[in-house]
Amino acid sequence: MGIRLIRASESDAETIWTMQKQAFAELLQKYRDFDTNPGNEPLEKVIMRLKQPFTYFYFIALDSKNIGAIRVVDKKADNLPKRISSLFILPDYRNRGYAQEAISLAEKIHGAYCWELDTILQEASNCRLYEKAGYRRTDKIVQVNPLMSLVFYKK
């Protein structure tokens, strides 16, 4: 059985926060990006995002279990791209195609064109995921710290 996207609300903030801390813990330790890593965000930042009228947070659900989440920024304007910021799958459910399926479902909800995102350049599997989903690397790369850079993608 495939996954479903279930829209999250402000009352789900603590659940999302706990899940994202777990999902991003390994990357936080590896790259020490304490100012940018979602695993190091305070709960208040998740609550603030859920309150934004242009933020759509979805749980990625497998059967009745939430195995991850995806945040879509969609200002519903023709001249503004939609943005994936962020996407995560809990460690026990990775490498099974769920992230790619979540991207596809988000694009069905919000439209298949005019998207952007960024990911860690040094994480080849993340880059492959987005490239398999049809995203193309741009020339923009931002060095976050000596260990890590962000690479930007568009579709």
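On a 1 Å grid over the protein atoms alone, a pocket is an open set of points where a 1.4 Å probe fits, with protein on both sides within 12 Å along at least five of seven lines, and its lining residues have an atom within 4 Å of a point. Grid points are joined across faces, edges and corners, and a volume is the space filled by probe spheres set on the points. The structure is a predicted model, in which local features need pLDDT of at least 70 and side-chain atom pairs count only at pLDDT 80 or more, while totals for chains, interfaces and linings use all residues. Residues are numbered from 1 along each chain as its sequence is written, and side-chain values use heavy atoms, with hydrogens and water left out.

The largest pocket has a volume of about 1200 Å³. Its lining comprises 43 residues, and Phe 24, Leu 87, Thr 119, Asn 126 and Tyr 130 are those that lie nearest the centre. Helices (H or I, at least four residues) and strands (E, at least two) are DSSP runs, numbered from the N terminus. At least two lining residues are supplied by each of α1, α2 (43–51), β4 (82–89), α3 (98–110), β5 (115–120), α4 (124–132) and β7 (148–154). Strand β4 contributes the largest share of the lining, 7 residues.

Helix α1 covers residues 13–31; its 19 residues reach 25 Å from first C-alpha to last, close to the 27 Å expected at 1.5 Å a residue. That expected span is 1.5 Å times one less than the number of residues. A bend of about 50° occurs in α1 at Phe 24, where the bend is the angle between axes fitted to the seven residues ending there and the seven starting there. Phe 24 is also among the residues nearest the centre of the largest pocket. Burial is judged by relative accessible area: buried means under 20%, exposed over 50%, and partly exposed in between (1.4 Å probe, protein chains only). The buried residues of α1 include Ala 13, Ile 16, Trp 17, Gln 20, Ala 23, Phe 24 and Leu 27. An α-helix has 3.6 residues a turn, so residues three or four places apart point the same way. After α1 comes Arg 32, with a positive phi near 55°.

Helix α2 holds Val 46, which counts as buried because its relative accessibility is 1%. Apart from neighbours within four places in sequence, Val 46 is in contact (heavy atoms within 4.5 Å) with Ala 13, Ile 16, Trp 17, Gln 20 and Glu 41. By contrast, Val 46 and Tyr 113 are 26 Å apart in space, C-alpha to C-alpha, and 67 residues apart in sequence.

The interior can next be described through its nonpolar core, a set of buried Ala, Val, Leu, Ile, Met, Phe, Trp, Tyr and Cys residues joined through side-chain atoms within 4.5 Å. The largest such core has 48 residues, of which Ile 60, Ile 70, Ile 84, Leu 87, Ile 103 and Tyr 135 touch the most other members. Helix α1 gives this core its largest share, 8 residues. Not counting residues up to four places away in sequence, Ile 103 touches Ile 70, Ile 84, Leu 87, Leu 129, Tyr 130, Ala 133 and Tyr 135.

Helix α3 has 13 residues and reaches 18 Å between its first and last C-alpha, close to the 18 Å expected at 1.5 Å a residue. Its buried residues are Tyr 98, Ala 99, Ala 102, Ile 103, Ala 106, Glu 107 and His 110. The cover over these buried residues includes β1 (3–7), β2, β3, β4, β5 and α4.

Several local backbone features remain. Within β4, Ser 85 is joined to Ser 86 by a cis peptide bond with omega near 25°.

Asp 63, in the loop between β2 and β3 (65–73), has a positive phi of about 55° although it is not a glycine; its 44% relative accessibility is why Asp 63 counts as partly exposed. Cys 114, in the loop between α3 and β5, has a phi near 70°, and counts as partly exposed because its relative accessibility is 35%.
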